[in-house]
Amino acid sequence: MRSTKQCNPRIMQGVASVASVADGVVLPVAIIRRVAREEGLSECYFNETSRVISFARAGESFERVRFNVYYTTGTVGTCLNHPRQGRTQLFRRNVRTLEDLREIFQKPRVHTGKGYQRRPIDSHSHQHCHEEGRSLSPLWITKNFPVGSRAYVRGYSNCTIQSGMDNGGKVKVLYDDGSSYRAKPTMLEEVMEEILDEETAAKQQLQSLEAERSQIDQQIQEAKGILNHFEEKRRLEEAKRLEKKRLAEEREEQEAKRQQVARLVAAIDSERAKRGTLFSGFVDQADFVSKQFDETVTVISTSGNATILLYEGGSWACTSGITKLLHNKLNGRQRTLPKATYVAIGSMDRYYIRFSDGKSEWVGCDGMTALLNKEERTVASIAFGEDWNSYFVVFTDGGWMYESIPQGLIDVIERRQRRGDLTCVSLGPNGEYYVAAKNGRSWWGGVSSKASKAIGNFGNRIRFMDFGDDYTYIFRYS
């Protein structure tokens, strides 16, 4: 895009409307064409890239006279055959009005005062002669304007001197448009005009355009630099915004994970507290059991002469005395097989074990076997009582079934109106029992005086009890 100063539109003589000046255009092309048509000129060349439009005199040879109008700069070049200097081109700069353009079209060598430099010849003596009322002598004319020299007739145009001063005190001149005239010497001035051949003029115009293009390119680079600065600024701001967003999302994600872990830990702690995180008891190999017990123990069961423990991670531990059939179910079990999740043992080598895939195995009386084969509910706890047929099964929905249990436990059940809200029941071989409900309350009975004394020290902190042969017992508390 060319960068030129924008001129204000002017109202021209002979033009009924105001000429609208487009961005970067001094002489609108449409108006130039209209004026040229009105002056009898024909358009012979137009180059939008060079921003020039050319006209020739209609009906005349193209070589005789040609007007090159550079419409973005206001320069008008007139190409014609000079009578003495051959083919020339005269440039007028800053032609900005239609009046000036029309006059150039009418008189190709008209002086506009915008394409020439001129100075008066010997203005001091010139004025001195006028002050004394004397005319300029023929010698003065011969010295300053010899025949064949170039001069400027003040107020009109350039010319060539054709003769010396005649008797009337005038000299004959030939104007550039071919007309002759006799002018007073006082009207003559020396002229320095820009008369160039067409090739040189084109070169100068090209240099001017290239210089202008170089300046425009520099301005473009400066503008690009400014735009790049703002683009880089926006890029950095966007990068900061995205980084801030990423950090915020990362913090939110970390906080969500932290809360999730906190909830998981709280759930685990709550579950451990419900199971009882501490242990006490009186059983065979009690020291070993105490060392093996910690808060991760999910299940502990005893028969008095044997005790077994299951852990959160799926591992297990037991004392000696475990029935061989049960021991074989756990010992050497492949890592890929489901882990044990619940186990209960009793006297007479009775046991029940369930794995993480829901499958279970047991040894017990026919009544318990029939019950477990028929029920679709999941077992929460199983207890084995005084004789082979004594058992108590609690399901995860709080329901329960039993056979041959101590009267004290029956009384507890009856007092509670046989509500189906139990979580666990334990039985012993000597009529002991422990029962817990979903509301957090628990009851026990039939225990030895030694066990009663030990348990009494913990009261409502008790979370689980189990019993074995010879009045052995264990309990968990928090």
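Modeller: What follows covers a hairpin, a helix and the cysteines.

Modeller: This is a predicted model, where local features need pLDDT of at least 70, side-chain atom pairs count only at pLDDT 80 or more, and totals for chains, interfaces and linings use all residues. Residues are numbered from 1 along each chain as its sequence is written, and side-chain values use heavy atoms, with hydrogens and water left out.

Biologist: In what sense do β21 and β22 pair?

Modeller: Antiparallel, over 4 bridges, between β21 (residues 391–395) and β22 (residues 400–403). Strands (E, at least two residues) and helices (H or I, at least four) are DSSP runs, numbered from the N terminus; two strands pair if DSSP finds at least two bridges between them.

Biologist: Which residue does Y391 stand opposite?

Modeller: E403 in β22.

Biologist: And how many residues are between the strands of the hairpin?

Modeller: There are 4, and G398 in the turn has a positive phi of about 95 degrees.

Biologist: Switching to α10. Which residues are buried there?

Modeller: A451, A454 and I455, in a helix that spans residues 449–456. Buried means under 20% relative accessible area, exposed over 50%, partly exposed in between (1.4 Å probe, protein chains only).

Biologist: Why do they line one face?

Modeller: Seen down the axis of α10, the buried residues fall within an arc of 95 degrees, so they share one face; the arc is that of the directions from the helix axis to the C-beta atoms. On the other side, S449, K453 and G456 are exposed.

Biologist: How many disulfides?

Modeller: The count is 0, with a disulfide taken as a pair of cysteine sulfur atoms within 2.5 Å.

Biologist: Is C365 buried or exposed?

Modeller: C365 is buried, at 1% relative accessible area, whereas C44 is partly exposed, at 35%.
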